[in-house]
Amino acid sequence: MATENLDGIYSYPAAADYRTNQYNFVTVNSSGRAALVGTAGVAVAGVLHNAPDVYTVTPVQMARVVQAHGVVVKVKLGGTVAVGGTMSTNATGKAVTSVTSGHIILGYFLQAGVSGDIVSALFVGYAGTIP
């Protein structure tokens with residue numbers, strides 16, 4: 001069972017309807033809203049902790065983003081991963097094994113899993129890049 005140890009959760013207005021994107025990686029866009037990561041291997045603001053509803057409702061739904069580094073978080077997988085593997089993001093904000101040169105290592109998997117699974121991972125924010 002996936003677990004988490006949370007500290008450092010911040011709220012941002014959601015940039016879209018993220019009801020199906022809980023535990024994906026997000027960034028903060030130029031409007032100051034939490035938005036899903038759209039490019040593989042990039043830096044992220046954090047992990048989306050909740051599943052904010054439609055962003056057009058009033059008041060705007062807030063996205064809760066785990067930004068603390070060195071904490072255990074839940075992440076949704078975009079591929080098969082192994083325990084201890086280096087973690088990066090794919091182009092849809094899901095956690096994948098870091099294998100591409102130049103991609104940023106965001107942390108390490110604490111559980112194995114396959115695409116669509118939710119597993120525990122150590123989120124460090126930035127642990128270098130893949131050579």
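Is Phe25 buried or exposed? I looked this up before anything else. At 1% relative accessibility, Phe25 counts as buried. My cut-offs are under 20% relative accessible area for buried, over 50% for exposed and partly exposed in between, with a 1.4 Å probe and protein chains only.

**Ground rules.** I am reading a predicted model, where local features need pLDDT of at least 70, side-chain atom pairs count only at pLDDT 80 or more, and totals for chains, interfaces and linings use all residues. Residues are numbered from 1 along each chain as its sequence is written, and side-chain values use heavy atoms, with hydrogens and water left out.

**Confidence.** I checked pLDDT, the predictor's confidence in each residue, from 0 to 100. The chain has a mean of 90, and 89% of its residues reach 70 or more. Among the elements, strand β1 (residues 9-13) has the lowest mean, 86. Strand β8 (residues 95-97) has the highest, 98. I keep one caution: where pLDDT is low, the predicted coordinates should not be read in detail.

**Layout.** I found 10 strands and zero helices. These are DSSP runs numbered from the N terminus: helices are H or I with at least four residues, strands are E with at least two. Of the 131 residues, 45% count as buried. I then looked at contacts, meaning heavy atoms within 4.5 Å. Among those between residues at least 6 apart in sequence, 60% join residues at least 24 apart.

**Cores.** I searched for nonpolar cores, sets of buried Ala, Val, Leu, Ile, Met, Phe, Trp, Tyr and Cys residues joined through side-chain atoms within 4.5 Å. The largest has 19 residues. Phe25, Val75, Met87 and Phe109 have the most contacts inside it. The elements giving two or more residues to this core are β6 (71-76) and β10 (118-123). A second, separate core has 10 residues, including Ala14, Val26, Ala35 and Leu48.

**Aromatic pair.** How many aromatic pairs does the structure hold? I found one. Phe25 and Phe123 form it, 6.4 Å centre to centre with 35 degrees between the planes, and it is tilted. For the rule, rings of Phe, Tyr and Trp (its six-membered ring) pair if their centres lie within 6.5 Å; planes under 30 degrees apart are stacked, over 60 edge-to-face, and the rest tilted. Phe25 lies in strand β2 (residues 25-28) and Phe123 in β10, so the pair ties together parts 98 residues apart in sequence. Phe123 is buried too, with a relative accessible area of 0%.

**Around β10.** I followed strand pairing next; two strands pair if DSSP finds at least two bridges between them. β6 and β10 pair in the antiparallel sense over six bridges. Lys76 stands opposite Ile118 in β10. Strand β9 (residues 107-109) also pairs with β10, antiparallel, over three bridges. There, Phe109 has Ala121 as its bridge partner.

**Two tyrosines.** Tyr23 lies in the loop between β1 and β2. I noted its positive phi of about 75 degrees, although Tyr23 is not a glycine. Most residues other than glycine have a negative phi. Tyr23 counts as buried, at 11% relative accessibility.

Tyr126 is found in the segment after β10. Tyr126 is exposed, with a relative accessible area of 54%. Which residues is Tyr126 in contact with, leaving aside its neighbours within four places in sequence? I found Ile104 and Ile105. The C-alpha atoms of Tyr126 and Leu106 are separated by 5.0 Å, and these residues are 20 apart along the chain.
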